[in-house]
Amino acid sequence: MSSSRVVRRTAAETELAARLLLLVLLTIGHLWGAAEAQLTGVLDDCLCDIESIDNFNNFKIFPKIQKLLERDYFRYYKVNLKRPCPFWADDGHCSIRDCHVEPCPESKVPVGIKAGSANKYSKTANHTKEFEDCEQANKLGAINSTLSNQSKEAFIDWARYDDSQDHFCELDDERSPDAQYVDLLLNPERYTGYKGPSAWRLWNSIYEENCFKPRSVYRPMNPLAPSRGEDDGESFYTWLEGLCLEKRVFYKLISGLHASINIHLCANYLLEETWGKPRWGANVKEFTSRFDTTETKGEGPRRLKNLYFLYLIELRALSKVASYFERSIVDLYTGNAQEDAETKSLLLEIFTHTKSFPMHFDEKSMFAGDKKGATSLKEEFRLHFKNISRIMDCVGCDKCRLWGKLQTQGLGTALKILFSEKEIKNLPENSPSKGFQLTRQEIVALLNAFGRLSTSIRELQNFKILLQQTS
């Protein structure tokens, strides 16, 4: 075959491939246009519209929350990644290196956290010590999650308060030798390849056994459910709308959390790897497969609306807990006095914005029936959510487990805040309160979880731009 004929064939094949790619991109752009048309207006069960949340988050909250989470106080999270799954036999952690765990040197941990303090609010005294950031692990996605036994013992000095009756989560025992500090900045939430039956079983257990749903009602787009023929999910939403407000809210919170996690995976996707060097970025095709109106039979926009609803819930919790942190006794202690003061100042700036938001969710509409019935429903609500936090110990990928546990604890902390209004109002200015306390782990989880939601809403705008460029 002559070289000129080979060149012509190669050029023709290249042109055909380019046309097919253009067709795919145009189709994706058209599909997202339909989804975007449904992702607008006022959210159900509240009086806030999506456009107001977009503007508020992307211009006021997102830039500041990102800076806050880079601070030493918020970058270290203690977690037990070795707790056994309490519900089914462990099918083994995934062997994908993106899920892998690597130790972080003790010398890189902030001296104030490592040395601890007898009083977690104390501003005494450790000498400021400079330290370098942990270096990125050589292996892709490696988690910096372990410290020496000496450091583990030192961390115990963080005071804990016995308010377990108010917890919405199954908390890790911070004194356990398996509890380890992880540097969250070195371990971003992203696509790890953890999927398939193991991941399906996890989410199926959450939705089917903990969202107040009878087995006779089938959730749309459930890969483990039997085929329902022409049922497009409307029967499920007819059932959902018939529930009381509290149970509807519960489902929306879980669905919103699921949607947020999926957005993170789509936005930080392994696009290619050349000579061991990964390139991470937005995967438009993956995003449309999870949220496009047509591909999800209308489920995608509903999921995204639940994300916005979850954002409002956690935003409301931050606005309500602001007075807790505004007290002079509260110090975000790491041992570096200047940085601690700057961190608290930045946190209070964020609280100023959260309190100024004009369309907060009104949690007083929940558990507002007769006292006995409301108390029983609240306890049922709490126990269902606590059970979901236990299911996070069944995640088969360490990095996924880390972020699942953190975001679940963050949401659980937000719920604890929303239902502790009286205790927060009665906080003393200059001494710890026995009625309401937040541990350091709860504070770190609360702000990082909200940061994840803020990032999800910001990433939605990025995907919108990418899809518009293809149409």
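**Exercise 1. Find how many cavities of 30 Å³ or more the structure holds, and work out what lines the largest one.**

Step 1. Start with the count: this predicted model holds 8 cavities of 30 Å³ or more.

Step 2. Go to the largest cavity, which has about 180 Å³ of space in it.

Step 3. Sort by element. Two or more lining residues come from each of β1 and α13 (398–418), and β1 gives the most, with 3 residues.

Step 4. Sort by class: you get 6 nonpolar, 4 polar and 6 charged residues in that lining.

**Exercise 2. Decide whether strand β1 (residues 76–80) is largely enclosed or open, and identify its partner strand.**

Step 1. Check burial, using the cut-off of under 20% relative accessible area. In β1, 5 of the 5 residues pass, so the strand is largely enclosed by the rest of the structure.

Step 2. Look at both faces. Tyr77 and Val79 point one way, Tyr76, Lys78 and Asn80 the other, and all are buried.

Step 3. Find the partner: β4 (residues 179–183) runs antiparallel to β1, with 5 bridges joining the two. At one spot in this pairing, Asn80 stands opposite Ala179.

Terms used
Residues are numbered from 1 along each chain as its sequence is written. This is a predicted model: local features need pLDDT of at least 70, side-chain atom pairs count only at pLDDT 80 or more; totals for chains, interfaces and linings use all residues. Side-chain values use heavy atoms; hydrogens and water are left out. Buried means under 20% relative accessible area, exposed over 50%, partly exposed in between (1.4 Å probe, protein chains only). Helices (H or I, at least four residues) and strands (E, at least two) are DSSP runs, numbered from the N terminus. Two strands pair if DSSP finds at least two bridges between them. On a 1 Å grid over the protein atoms alone, a cavity is a set of points where a 1.4 Å probe fits but cannot get out, and a pocket is an open set with protein on both sides within 12 Å along at least five of seven lines; lining residues have an atom within 4 Å of a point. Grid points are joined across faces, edges and corners, and a volume is the space filled by probe spheres set on the points. Ala, Val, Leu, Ile, Met, Phe, Trp, Tyr, Cys and Pro count as nonpolar, Asp, Glu, Lys and Arg as charged, and the others, Gly among them, as polar.
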